[in-house]
Amino acid sequence: MKISYSYVAIDIFHYGHLRLLKEAKSHADIHICGLLTDEVCLHWNGNLVMNYNERLSILNALNCVDNVIEQSSIDPTQNLKIIHGQYPNAKIILFQGHQEWKNMPGTDYIRSINGRVIKPDYYPRLTRRFIKSK
C-alpha cells in the first residue's frame, strides 16, 4: 500500500493547490492531507481569510483527498509518525508543496522510514504571493 501525505494552509484556495492535491492522490492508494491550524497560518502568513473549519470544508469536498488531519506545526513529522504507526507496512510519500524550501520539514523522517519525497511541478501563475500582488 502507498500513502501520500501533503499539507496545506489553503487560506486562499487556488488552482496550484488543486494540482498538488490531485498529484498526491495519483501516486497513492490513500491521500492524507494535513491542514495547518489557524495559529500556524497566522504565524506563517500573518493573516487569515478563512478559518480552519471553512478550509476543512473545502478539503473534505475534494475527491482527491481521502482523509484530512490537523497539523499544528509547520513540520509534519508528528503527523507522519502517527500515519506510519497506523500503517507500518505502507510506503509513505511526502509531497513538497512549497518550492522554495531546500530541506522541507518532514523530509528527514520520511527518508528514515524509507519513504519518498516528491516535488511536483511548480505552477507559478497562481501562488499566494502572486494573488496578493495582483
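Strand β2, spanning residues 30-36, is mostly covered, with 7 of its 7 residues buried; buried denotes under 20% relative accessible area, exposed over 50%, and partly exposed the range in between (1.4 Å probe, protein chains only). The model is a predicted one, in which local features require pLDDT of at least 70 and side-chain atom pairs count only at pLDDT 80 or more, whereas totals for chains, interfaces and linings use all residues. Residues are numbered from 1 along each chain as its sequence is written, and side-chain values use heavy atoms, with hydrogens and water left out.

The side chains of β2 are divided between two directions: I30, I32, G34 and L36 point one way, H31, C33 and L35 point the other way, and all are buried. Helices (H or I, at least four residues) and strands (E, at least two) are DSSP runs, numbered from the N terminus. On this basis the protein comprises 6 helices and 5 strands, arranged from the N terminus in the order β-α-β-α-α-β-α-β-α-β-α.

Two strands are taken to pair if DSSP finds at least two bridges between them. Strand β1 (residues 2-8) pairs with β2 in the parallel sense over 6 bridges, and within β2 the bridge partner of S6 is C33. Strand β3 (residues 67-71) also runs parallel to β2, to which 5 bridges join it; here Q71 of β3 is the bridge partner of L36. Together with helix α1 (residues 15-26), strands β1 and β2 form a right-handed β-α-β unit. A crossover is right-handed if, with the strands pointing away from the viewer, the path from the first strand over the helix to the second runs clockwise.

C33 is in no disulfide, and the nearest cysteine sulfur, that of C64, is 8.6 Å away. The sulfur of C64 likewise has its closest cysteine sulfur in C33, and the separation of 8.6 Å is too far for a bond. C33 counts as buried because its relative accessibility is 0%, and C64 counts as buried at 5%.

Rings of Phe, Tyr and Trp (its six-membered ring) pair if their centres lie within 6.5 Å; planes under 30 degrees apart count as stacked, over 60 as edge-to-face and the rest as tilted. By this rule there is 1 aromatic pair. The ring centres of Y5 and Y7 are 6.3 Å apart and their planes lie at 35°, so the pair is classed as tilted. Both Y5 and Y7 are buried.

D29 is located in the loop between α1 and β2 and is partly exposed, with a relative accessible area of 49%. Its C-alpha atom is 7.9 Å from that of S4, although D29 and S4 are 25 residues apart in sequence. With contact defined as heavy atoms within 4.5 Å, D29 touches M1, K2 and D66 once its neighbours within four places in sequence are left aside. N53, in helix α3 (residues 52-60), is exposed, with a relative accessible area of 53%.

Over the protein as a whole, buried residues make up 43% of the 134 residues. Among contacts between residues at least 6 apart in sequence, 70% join residues at least 24 apart.

Terms used: A disulfide is a pair of cysteine sulfur atoms within 2.5 Å.
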